[in-house]
Amino acid sequence: MKYIIANWKMHSNYAFVQDWGQTFVNALTSQKVEVIKNAAQIIISPPFPYIHDLMSATADQSESIILCAQNVSHHTGAGAYTGEVSAEMLKDIGCQYVLVGHSERRAMGDNDLLEQKLKNVLEADLIPVFCVGEPLEEREAGRAWDFIANQLSLLKNIDPAQQLLIAYEPIWAIGTGQTANLEDIEEMHTQIKAAYNWPVLYGGSVKSSNAGKLLASSVIDGALVGGASLKPDEFLSIVEAAS
Ligand code: PEP
């Protein structure tokens with residue numbers, strides 16, 4: 001079973017969600033839903049305001065689509081935290097997963113908040129998708145694994161029985177069209193898997209034309225897809241590549 005996550009980032013509007021949901025549901029229905037469902041967990045991560053709209057737009061296939069939030073507050077409980085969204089709220093509206101540590105959020109200052117975010121997500125009984133990835137200069141200097149191992153160290157006190165996904169996303173491959181080469185990805189995934197027991201997904205310019213090759217690898221447990229997830233047919237082709 002592979003995990004295929006669509007990360008819409010800060011894209012979409014109400015019309016987009018209706019259209020995406022309808023196209024996706026039609027495509028899913030016309031293909032063998034059971035086959036696809038057995039091969040892949042389809043996880044969609046819209047911006048906060050559209051999570052419920054996507055639920056409604058995909059209600060016909062609600063069992064095939066799992067919701068993920070792109071972010072969560074580091075604050076706990078409820079309180080005077082204007083603009084923040086708590087893990088409990090995400091659980092309450094039906095999310096199952098939350099992205100934690102995406103490189104785009106790390107670049108916005110999230111690094112110091114990640115330990116608390118992970119805690120909040122786990123305490124709310126949600127599943128973190130913990131994202132790690134090295135910048136190009138670290139890879140070129142031969143320090144990619146050291147960099148990733150350091151980012152992963154936040155997971156060292158988490159019970160291995162806890163559900164969690166790791167997404168390996170080299171920063172230089174995100175949104176650039178430049179996928180890391182398969183050997184490098186497999187080497188990194190093998191190292192991560194030797195240290196942690198959770199599934200490891202790859203992210204970085206995954207599209208229908210490279211998904212088959214990537215997802216055929218036994219050490220790649222799925223894909224985190226940004227740009228290519230905005231086109232439902234393209235995203236479904238990636239899901240199909242997992243089958
Ligand atoms: C991402 O959003 O995590 C991502 C990998 O984006 P893209 O597929 O566009 O590179």
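User: On what basis are the residues numbered and the values computed?

Analyst: Residues are numbered from 1 along each chain as its sequence is written, and side-chain values use heavy atoms, with hydrogens and water left out. The model is predicted: local features need pLDDT of at least 70 and side-chain atom pairs count only at pLDDT 80 or more, while totals for chains, interfaces and linings use all residues.

User: At what angle do helix H1 and helix H11 pack?

Analyst: Helices (H or I, at least four residues) are DSSP runs numbered from the N terminus. Axes are lines fitted to C-alpha atoms over the stretch in contact, and angles run from 0 to 180 degrees between N-to-C directions. Here H1 (residues 14–30) and H11 (residues 232–241) pack at about 40°, with their axes 9 Å apart.

User: Which word describes the orientation of H1 and H11?

Analyst: Angles under 35 degrees count as roughly parallel, over 145 as roughly antiparallel, 65 to 115 as roughly perpendicular and the rest as oblique. H1 and H11 are therefore oblique to each other. The contact (heavy atoms within 4.5 Å) is made by Trp 20, Thr 23, Phe 24, Ala 27 and Leu 28 of H1 and by Pro 232, Asp 233, Phe 235 and Leu 236 of H11.

User: How do H10 and H11 cross?

Analyst: The axes of H10 (residues 208–215) and H11 come within 8 Å and cross at roughly 20°. That makes H10 roughly parallel to H11. Ser 208, Ala 211, Gly 212 and Leu 215 in H10 meet Glu 234, Ser 237, Ile 238 and Ala 241 in H11.

User: At what angle do H8 and H9 pack, and which residues make the contact?

Analyst: H8 (residues 144–152) and H9 (residues 182–195) pack at about 40°, with their axes 11 Å apart. The contact is made by Ala 144, Trp 145, Ile 148 and Leu 152 of H8 and Met 188, Gln 191 and Ile 192 of H9.

User: Which residues come nearest to the ligand?

Analyst: A residue is near a molecule if one of its heavy atoms lies within 4 Å of it. Of the 14 residues around the ligand, Lys 9, His 102, Glu 169, Gly 175 and Ser 205 come nearest.

User: Which atoms of Gly 175, Ser 205 and Gly 226 lie by the ligand's oxygen atoms?

Analyst: A polar backbone atom of Gly 175 is 2.6 Å from an oxygen atom of the ligand. A backbone N or O atom of Ser 205 lies 2.8 Å from a ligand oxygen atom, and a backbone N or O atom of Gly 226 lies 2.8 Å from an oxygen atom of the ligand.

Methods. Helix = DSSP H or I, 4+ residues; strand = E, 2+ residues; numbered from the N terminus. Polar contact = N/O pair within 3.5 Å; in protein donor to acceptor, adjacent residues only side chain to side chain.
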